Amino acid sequence: MEKKSIKVSIITATYNSESTIESCVKSVLEQSYSNIEYIIIDGDSQDDSVQVIARVFKEYEYSDSCIVSERDKGIYDALNKGIKIATGDIVGFLHSDDFFSDNCVIAKIVDEFKKDDDLDGVFGDLEYVNKYNVEKTIRKWKGRDFDSRLLNFGWMPAHPTLFLRKEVYLNYGFFDLSFKISADYEFILRIFNKSMLRTRYLPIVMTKMRVGGASNGSLNNVFKKSYEDYMALKLNGISFPWLTVFLKNVSKIPQFFIN
């Protein structure tokens, strides 16, 4: 008997993103894999974000979608809302400034889950691109096979490329809203440190991210993120958290030297 098709829920949190949301949405709707539920959580945008989204959905005649527009407590609150209403077997994120590298990304991710019923997650590579010229790559986050010891050296899978079975969220919890910038890092520490999750590194560029996001938009935000990273490490029992924060920041330097 043929296996039931794997359903993928993709969640986008957006707020006043009319300049980038169209390319983000189109990169989802143009995926070759068909069984995709697309959930967009808008934080009551004051620009035309919601209208742009509705226009693109209508243009593509896309029906398996959900748009929620209401005030929230920030991006992680929005992502938590999306996870809770997601009906897919697999959950992934695409932020409003980001887009998939090509239209076969989701198909390749699903293929990995099809190979192994016990697989909990798949992650890959991430490229940071110029905000105004997305053909220009500024930084490349290259993944590797996961080893929990790497967490002590500040390494983590690139969160925007991480696709997990929904059961992982049900078992380990959602994003901790006490973290304003580093809730994704705290979540990764929580699920990967001392856990038995089975993940696979897929060596392809999955997502392209325009530079200038919440965690890297200013020097002040870099300091705020470093402090939140420290608190996340401490919360999850990582030894010598300040050293790990230092190594985490230093490890980013080679990402700017693109091959």
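Is Asp44 buried, partly exposed or exposed, by relative accessibility? I opened the notebook with this point, working from a predicted model.

**Entry 1: Asp44.** I looked up the accessibility and found a relative value of 26%, so Asp44 counts as partly exposed. I then located Asp44 in the loop between strand S2 (36-42) and helix H2 (49-60). I noted that the phi of Asp44 is positive, about 65 degrees, although the residue is not a glycine.

**Entry 2: Phe240.** I next turned to the loop between H7 and H8, where Phe240 lies. Its relative accessibility is 64%, and Phe240 therefore counts as exposed, the cut-off for that class being over 50%. Phe240, a residue other than glycine, also has a positive phi, near 50 degrees.

**Entry 3: helix H6.** How many of the ten residues of helix H6 (residues 183-192) are buried? I recorded ten of the ten, so the helix is largely enclosed by the rest of the structure. Among the buried residues I listed Asp184, Glu186 and Arg190, together with Tyr185, Phe187, Ile188, Leu189 and Phe192.

**Entry 4: surroundings of H6.** I then asked which elements the buried residues of H6 pack against. The helices I found are H3 (75-85), H5 (166-172), H7 (219-235) and H8 (241-250). The strands are S8 (163-165) and S9 (199-210).

**Entry 5: after H6.** I finally checked what comes after the helix: H6 is followed by Lys194, and the phi of Lys194 is positive, near 65 degrees.

Methods:
Residues numbered from 1 in each chain as written. Predicted model: local features only at pLDDT ≥ 70, side-chain atom pairs only at ≥ 80, totals over all residues. Heavy atoms only, no water. Buried < 20%, exposed > 50% of the residue type's maximum accessible area, 1.4 Å probe, protein only. Helix = DSSP H or I, 4+ residues; strand = E, 2+ residues; numbered from the N terminus. Contact = heavy atoms within 4.5 Å.
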